[in-house]
Amino acid sequence: MIERDIKIVETALQLFAHYGVRKTTMSEIANAAGVARQSLYNAYDGKEDLIYGALEHRARVSASSIVAECSELESVGERLDVAFKYLVLKPCEIMLQVPHREEILQVVESFENEKKNKIIQLYNNVIMETLSPFENKTKLGQVSFEELCNFIRFSFDQMKKNVVDLEQLHHTYSPLKKLLENSVDA
């Protein structure tokens with residue numbers, strides 16, 4: 001994503017968070033991002049496209065951060081902690097502070113499956129890469145490594161959807177981490 005587009009989607013997300021999706025106009029986004037309104041419309045079809053662009057950008061940044069931080073870590077628990085931090089904890093910390101989060105989440109829920117699946121695949125891939133050193137050390141029985149990673153990503157998604165507060169989030173994450181640690185040979 002080019003720098004201009006990053007500025008546009010980040011600005012749009014900030015305005016949506018502060019004023020709501022319905023109350024924020026494309027003209028306000030263009031002005032705040034410092035681009036011509038026509039440039040905004042040439043790059044993005046509408047508000048849903050802006051939200052998707054912001055989420056995809058943040059997903060890619062998170063994936064890069066996870067890979068970088070995990071490069072020096074040797075335990076499965078530490079690696080899962082990093083994935084949890086970027087894929088669940090940080091987004092929840094932000095969303096719990098956003099006054100119009102329900103409106104933004106409604107737009108996200110209305111994404112077409114192709115868009116949802118693109119982000120899901122990005123998250124699945126980074127979880128698989130993060131845990132790949134342990135692929136042959138897991139005791140999974142009939143569960144494949146890919147299924148395990150998909151289950152972790154699905155669990156992370158459910159944690160984000162059902163978060164009440166950060167304490168509850170950590171309480172929900174703890175058994176998943178223990179389950180994974182217990183399934184890996186030392």
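## E28 in helix α2

E28 touches L15 and K23, leaving out residues up to four places away in sequence. This is a predicted model. E28 sits in helix α2, which covers residues 26-33. Is E28 buried, exposed or partly exposed? The relative accessibility of E28 is 39%. E28 therefore counts as partly exposed, since that class lies between the cut-offs of 20% and 50%.

Y52 gives a reference point for E28. The two residues are 24 positions apart in sequence. Their C-alpha atoms are 18 Å apart in space.

## Overall fold

The protein chain has nine helices and zero strands. Its pattern along the sequence reads α-α-α-α-α-α-α-α-α. The C-alpha trace spans about 55 × 30 × 30 Å along its principal axes.

The protein chain has 186 residues, and 43% of them count as buried.

E56 lies in helix α4. Its relative accessibility is 13%. E56 counts as buried because buried means under 20%. E56 touches K118 and I119, not counting residues up to four places away in sequence. L122 is 66 residues from E56 along the chain. The C-alpha atoms of E56 and L122 are separated by 8.9 Å.

A63 is also placed in helix α4. A63 is buried, with a relative accessible area of 13%. What does A63 contact, leaving aside its neighbours within four places in sequence? The partners of A63 are L122 and V126. I6 lies 57 residues from A63 in sequence. In space, A63 and I6 are 16 Å apart, C-alpha to C-alpha.

## I127 in helix α7

I127 is found in helix α7. Its relative accessible area is 2%. That value is under 20%, so I127 is buried.

Which residues does I127 touch, not counting those up to four places away in sequence? They are L87, C149, I152, R153 and F156. I152 is 25 residues from I127 in sequence. The C-alpha atoms of I127 and I152 are 7.9 Å apart.

## The α8 and α9 pair

Helix α9 covers residues 166-182. α8 and α9 pack at an angle of about 170 degrees. Their axes are 11 Å apart. An angle over 145 degrees counts as roughly antiparallel, so α8 is roughly antiparallel to α9.

On the α8 side, the contact uses L148, F151, I152, S155, F156 and M159. On the α9 side, it uses L169, T172, Y173, L176 and L180. What classes do the residues of this contact fall into? Nine are nonpolar, two are polar and none is charged.

## The largest pocket

The largest pocket has a volume of about 1,200 Å³. How many residues line the largest pocket? The lining holds 36 residues. L55, P91, L105, V108 and K160 lie nearest the pocket centre.

Several helices give two or more residues each to the lining. They are α1 (3-19), α4 (47-70), α5 (76-95), α6 (101-109), α7 (113-131) and α8 (145-161). Which element gives the largest share? α4 does, with seven residues. By class, the lining has 21 nonpolar, five polar and 10 charged residues.

## Summary of the picture

The chain is built from nine helices and zero strands. α4 carries E56 and A63, and α4 also gives the largest share of the pocket lining. α7 carries I127. α8 packs roughly antiparallel to α9, and the residues of their contact include no charged ones. The lining of the largest pocket, by contrast, has 10 charged residues.

Technical notes: Residues numbered from 1 in each chain as written. Predicted model: local features only at pLDDT ≥ 70, side-chain atom pairs only at ≥ 80, totals over all residues. Heavy atoms only, no water. 1 Å grid on protein atoms, 1.4 Å probe; cavity = no way out; pocket = protein on both sides within 12 Å on 5 of 7 lines; lining within 4 Å. Points joined across faces, edges and corners; volume = space filled by probe spheres on them. Helix = DSSP H or I, 4+ residues; strand = E, 2+ residues; numbered from the N terminus. Nonpolar A, V, L, I, M, F, W, Y, C, P; charged D, E, K, R; others polar. Axes fitted to C-alpha atoms, helices over the stretch in contact; angles between N-to-C directions. Parallel < 35°, antiparallel > 145°, perpendicular 65-115°, else oblique. Contact = heavy atoms within 4.5 Å. Buried < 20%, exposed > 50% of the residue type's maximum accessible area, 1.4 Å probe, protein only.
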